[in-house]
Amino acid sequence: DAKGKRHSFIGQNPGREVTIRFNDTGVPWAIARNPALAMGEVYMEGRVDVIDGDIRDFLDLIMLNLGWERTNILSGPIKNLLGRILGMVLTLNPAARSKKNVAHHYDLSGALYDLFLDHDRQYSCAYFADDTVSLDDAQTAKKAHIAAKLLLKPGQRILDIGCGWGGLGLSLNKLTGAHVTGVTLSEEQLAIAQQRARDNGVADLVDFRLQDYRAISEQFDRIVSVGMFEHVGALQYPTFFRKVNQVLKDDGVVLLHTIGRADGPGRTNPWIQKYIFPGGYSPALSEIVPLIEDAGFYITDIEILRLHYAKTLDHWYNRTKANRDKVVALYSEGFARMWEFYLAASQKTFEYSGHVVFQIQMAKKQNAVPLTRDYMAAAEQQYLKELESGQSPVLSIA
């Protein structure tokens, strides 16, 4: 503690040891008052240091032991209900607030993302066949996996809601020559995505726009959204699914890829809400399936990717740690601590706290997709070979 006294706590799993140091006497009380918010804050501020191990080791130990919360009287129905109501208010995302929230995270320096993402800047869950797969290969596999579920055909018009830096849209165009429209609310992402389309000579076929999904009016054969639904907000879910239904052709197919909760509805962690993803919320299936039905969709396939995001975050954390000096030079020591805490806490959330990734395929008509899933595996292998062969779409950083 801040006075130099050592406090030891011995559990039933010897060998998992972490030592932390409180650097001022106010730290324990700050954490005790609001642990979900304050632990991240005192670490960011340098008021807590991890001496043996690092912040990920500490969070691994803490989150491994958080099972007590389910039986704690303070986490009962009344608190959970109030927390969910507050969470819904904080994720009320009209168009202007949505753009501001996106800018908070995605308009950070591109140099930061280059330090820890793959070569294509895929900032979402990768797809790991096994533990030996590299991050770059796993992200390529993710794109092939998604493309296979879209039943791509030449001449289609594809909408990519939340297109990021353009990697998925460019890959979908590469596979079939389809016309792709990608929308984002990040001006930084938009500039790079548009430049990539020009550099690859496909600007006439791959159109990236600064546009809210609610403002889309054209019709599309296929709609895909990867890692964007977490920013929609629970109160906007009906609007999202109605809009997707409105702009999808009658024989179209939708693929939604989103972080979700395996343990039912909840509330976004307050530290993540304040510092990383304002307005963000990851849903449970029970929250969105009824709304998909209400919007007039058949759910034609659901796949749950369980530990894939934990593996993705493991790569991101290790890369960030290896480039820590560069992160500090870009921003500050406090920012580097914040980013470490974000990646480490997110990894452990997927390992211990019920977070997964949902891939939900939807269609207006029952016969829009084949009757069995066999087509997915065959198409995925074909697409994987095509994406791995020759040159990948160019990523040009200004």
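**Salt bridges and helices in a predicted model**

The side chains of Glu333 and Arg324 meet in a salt bridge (a side-chain nitrogen of Lys or Arg within 4 Å of a carboxyl oxygen of Asp or Glu), with N and O 2.8 Å apart. Salt bridges that share partners join Arg21, Asp49, Arg324, Glu333, Arg337 and Glu340 into one network. This is a predicted model, in which local features need pLDDT of at least 70 and side-chain atom pairs count only at pLDDT 80 or more, while totals for chains, interfaces and linings use all residues. Residues are numbered from 1 along each chain as its sequence is written, and side-chain values use heavy atoms, with hydrogens and water left out.

**Confidence**
- The chain has a mean pLDDT (the predictor's confidence in each residue, from 0 to 100) of 89, and 87% of its residues reach 70 or more.

**A second salt bridge**
- Arg56 and Asp314 also form a salt bridge, at 2.8 Å from N to O.
- Because Arg56 lies in helix α3 (residues 55–64) and Asp314 in helix α13, the pair ties together parts that are 258 residues apart in sequence; helices here are DSSP runs of H or I with at least four residues, numbered from the N terminus.
- Arg56 is buried, with a relative accessible area of 14%, whereas Asp314, at 26%, is partly exposed (buried means under 20%, exposed over 50%, partly exposed in between, with a 1.4 Å probe and protein chains only).

**Helix α15**
- In α15 (residues 333–352), 16 of the 20 residues are buried, so this helix is largely enclosed by the rest of the structure.
- After α15 comes Gly354, whose phi is positive, near 80 degrees.

Terms used:
Helices (H or I, at least four residues) and strands (E, at least two) are DSSP runs, numbered from the N terminus.
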